[in-house]
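Hi,

Here is the structure we talked about handing over. Please open it first, then read my notes below.

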Amino acid sequence: MKQRAIPCTLMRGGTSKGPFFLASDLPEETAVRDAVLLAAMGSPDARQIDGVGGADTLTSKVAIVGPPSRPDADVDYLFLQVVVDEARVDASQNCGNMLAGVGPFAIERGLISATAPRTSVRIHMVNTASIAVAHVQTPNGCVRYDGDARIDGVPGTAAPIDIDFLDVAGGSCGALLPSGNARDVIADTDVTLIDNGMPVVVMRAADFGQTGDETPEEMEADSALRARVETIRLEAGKRMQLGDVTKKTVPKMCLVAPARNGGDISTRMFIPHKVHKAIGVFGAVSVATACALPGSIASEIAPSGGDGVRSFEIEHPTGFFTVSMEIESGPSGPQVQRSALLRTARALMTGDIFVPGDVWRKGSL
């Protein structure tokens, strides 16, 4: 049977990369769609040699974009994590890095019309049923990719894409603090369970014998550390209303320590079994939110400083991630009114991805 050609655009979004598809170009049935994406990316295989995946969690990602399914959005965005070495596609989380490419892709593919000098795209993040607004530079009605904005983890500079998050708190777990507490104890370890765009478990690095300055490779090589983190993750998943997370990529596990390079807090993020070489967008937002919550593990290290607009400099293994937040006092404590950050994106190529025709027809490899 002939191969099936699927139109797509390969894009870098933030510090991630992957193919962007129109929803109408993929099978409607979830099982068939997932089989097609596994074949397209080359999973399961550690090298993803028979597909376009980059053999890394950060480059085995897919964005599916289509017309909006709710009236307050311009487009729908479904993020899918294609597991590298398993025949599994995970839809349980958002990706704020790939999100940076959604606005440019939607404009380039004609889903919305550009307005000069900037186009604001309201994006319905299907994974968490929440809204983000991406502000894309479009001089003369065309997406601009070149510019002076720089983000750690990406070489060079590009046009800035400012992203506002309007209602991401509790998107996966049902509440900003799923357990109702700013601090819990799991396996004799103090933790903060938080979900402001991404379910994250915040823990002191020192409680694990870590300084917060270790490389991802050093932490991944520590089997005792990984086992302890995973034990806590499995219990945290239940307390965060996520159920059995054995086969899920959430919650993320974040070890925090005092900043070492002038920021507010240092992080090492398990995602969940490898250590992020930087930090994910929503992971950074959740950590910054924890910094603003009295009683949390993070607030011990980076006190929030009260109401108003605050910028938190989140240190990670390859630099900084800046999160701007608007915080107001509420009856139950500080309330996050708005989160915002800066990302960049670039279209890398447009064309067709080929998959075996029988995968599309049968939904299996």
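**Salt bridges**

The side chains of Arg88 and Asp90 form a salt bridge, at 3.4 Å from N to O. Asp90 is buried, with a relative accessibility of 5%. Keep in mind that this is a predicted model.

Another salt bridge pairs the side chains of Arg338 and Asp164, at 3.0 Å from N to O. Arg338 sits in strand 16 (residues 333–343) and Asp164 in strand 8 (residues 161–165), so this pair ties together parts that are 174 residues apart in sequence. Are the two partners buried or exposed? Arg338 is partly exposed, at 30% relative accessibility. Asp164 is buried, with a relative accessible area of 14%.

How many salt bridges does the whole structure hold? The search finds 16.

**Helix 1**

Asp34 and Arg33 meet through their side chains in a salt bridge of 2.9 Å, N to O. Asp34 is buried, with a relative accessible area of 15%. Arg33 is buried as well, at 12%. Both are among the buried residues of helix 1.

That helix is mostly covered, with 10 of its 12 residues buried. Other buried residues in helix 1 include Val32, Ala35, Val36, Leu37 and Met41.

Now check its length. Helix 1 runs over residues 30–41, which is 12 residues. At 1.5 Å a residue, the helix should span 16 Å. Just after the helix comes Gly42, which takes a positive phi of about 90°.

**Arg343**

Arg343 lies in strand 16. This residue is buried, yet it has no salt bridge. Which side chain of opposite charge is nearest? Asp152 is, and it is 7.6 Å away.

Arg343 does have a polar partner. A polar contact of 2.7 Å joins its side chain to that of Asn97. Leaving out residues up to four places away in sequence, Arg343 also touches a set of residues that includes Gly14, Thr15, Gly96, Ala100, Ile151, Pro160, Val281 and Phe321.

**Cys254**

Cys254 is in strand 12 (residues 252–257). Its relative accessibility is 0%, so Cys254 counts as buried. What does Cys254 touch, apart from its neighbours within four places in sequence? The contacts are Val200, Val201, Val202, Met203, Thr267, Arg268, Met269 and Val287.

Thr15 came up above as a contact of Arg343. The C-alpha atoms of Thr15 and Cys254 are separated by 18 Å, and the two residues are 239 apart along the chain.

**The whole chain**

Now step back. The secondary structure comes to eight helices and 17 strands. Of the 365 residues in the chain, 55% are buried.

The C-alpha atoms fill a box of roughly 60 × 45 × 35 Å along the principal axes. A compact globule with 365 residues would have a radius of gyration near 21 Å. The chain has 20 Å, so its value agrees with that of a compact globule.

Start with the salt bridge between Arg338 and Asp164 when you look at the model.

Best wishes

Key. Residues are numbered from 1 along each chain as its sequence is written. This is a predicted model: local features need pLDDT of at least 70, side-chain atom pairs count only at pLDDT 80 or more; totals for chains, interfaces and linings use all residues. Side-chain values use heavy atoms; hydrogens and water are left out. Helices (H or I, at least four residues) and strands (E, at least two) are DSSP runs, numbered from the N terminus. The expected span of a helix is 1.5 Å times one less than its number of residues. Buried means under 20% relative accessible area, exposed over 50%, partly exposed in between (1.4 Å probe, protein chains only). A salt bridge is a side-chain nitrogen of Lys or Arg within 4 Å of a carboxyl oxygen of Asp or Glu. Lys and Arg count as positive and Asp and Glu as negative; His and the chain ends are not counted. A polar contact is a pair of N or O atoms within 3.5 Å; within protein, one must be able to donate a hydrogen and the other to accept it, and residues adjacent in sequence count only if both atoms are side-chain atoms. Contact means heavy atoms within 4.5 Å. The radius of gyration is taken over C-alpha atoms; the globule rule is 2.2 Å times the number of residues to the power 0.38.
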